[in-house]
Amino acid sequence: MDSSQNTDDPARDAEEAAPSQSRQAFGVQLPRPGDPALRSLRGQNVPHYQGHRPWNASWLLISYLEQIHLEGLRIVDVGCGWGLASIYCAHQGAQVTATDIDPQVFPYVSMLSTLNGVEMDHVTASFDELPTELVAAADLLIGADICFRVGMVADLYDLIQSGRAAGLGSVAISDPGRIPYRDLSARCVADLGAQEGPWQTVEPLLDWPGERPTVTGRLLRLGGT
Ligand SMILES: C[S@@+](CC[C@H](N)C(=O)[O-])C[C@H]1O[C@@H](n2cnc3c(N)ncnc32)[C@H](O)[C@@H]1O
């Protein structure tokens, strides 16, 4: 179909407009590394806080979110990076706000949102600067691989603790198992009644001739979702 002949279904338009070199995981379309538009974007935007690529913890988080009915939920993704989890949630019908300390990640979020035919809000803010009303109104706060420095533990604990006290529904954070994450999760289990444990999923992207490798890590959950 000619791109000027869009239907009234943005998801279908995006699917038909998707470049042949895109690939998909959990229903999320991603450009291949050699995609010209992605290469151009990389030349113009260089994220500075590890948001320069999607991380495997996103697959762990999405594989958990697959179990939840997300349609209509208000979701805040903290440390969103390229926003794969945000895009998955928006694709499922959630109202998503993607947040990150680094404004340089949002052109990637926009590119992937367009590719997937979804819309979402975004906010540039560090964990300790997120608007209280945004967090308090959320049904679910999510994050993938967001606790990788010792200094992040206190900010994330305060965000979760104060958010829950103000009305935040649930929390789900995935991680490869880094030491700062383990400190955060231990505090959340001990003081907030969170659940924490191993999580794994099949690597969804690789064109693999045999059995696909497994992505392993940890998952922190708090609240009913
Ligand atoms: C390892 S990346 C993970 C990105 C994404 N969640 C994923 O799984 O692909 C960590 C992300 O956290 C963001 N970040 C780092 N420090 C932050 C802070 N203090 N507040 C908010 N976001 C932060 C980075 O900019 C980056 O996008």
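Guide: Helix α7 passes helix α8 in a right-handed crossing (the near helix is turned clockwise from the far one by less than a right angle). Helices are DSSP runs of H or I with at least four residues, strands are runs of E with at least two, and both are numbered from the N terminus.

Visitor: Which residues of α7 and α8 make the contact?

Guide: From α7, they include V150, L156 and R164. From α8, they include P180, D183 and L192. Contact means C-beta atoms, placed from the backbone, within 7 Å.

Visitor: And by class?

Guide: The contact of α7 with α8 has 10 nonpolar, 1 polar and 3 charged residues. Ala, Val, Leu, Ile, Met, Phe, Trp, Tyr, Cys and Pro count as nonpolar, Asp, Glu, Lys and Arg as charged, and the others, Gly among them, as polar.

Visitor: Is this a predicted model, or what is it?

Guide: It is a predicted model, where local features need pLDDT of at least 70, side-chain atom pairs count only at pLDDT 80 or more, and totals for chains, interfaces and linings use all residues. Residues are numbered from 1 along each chain as its sequence is written.

Visitor: How many helices and strands are in the chain?

Guide: The chain has 8 helices and 9 strands.

Methods
Contact = placed C-beta atoms within 7 Å.
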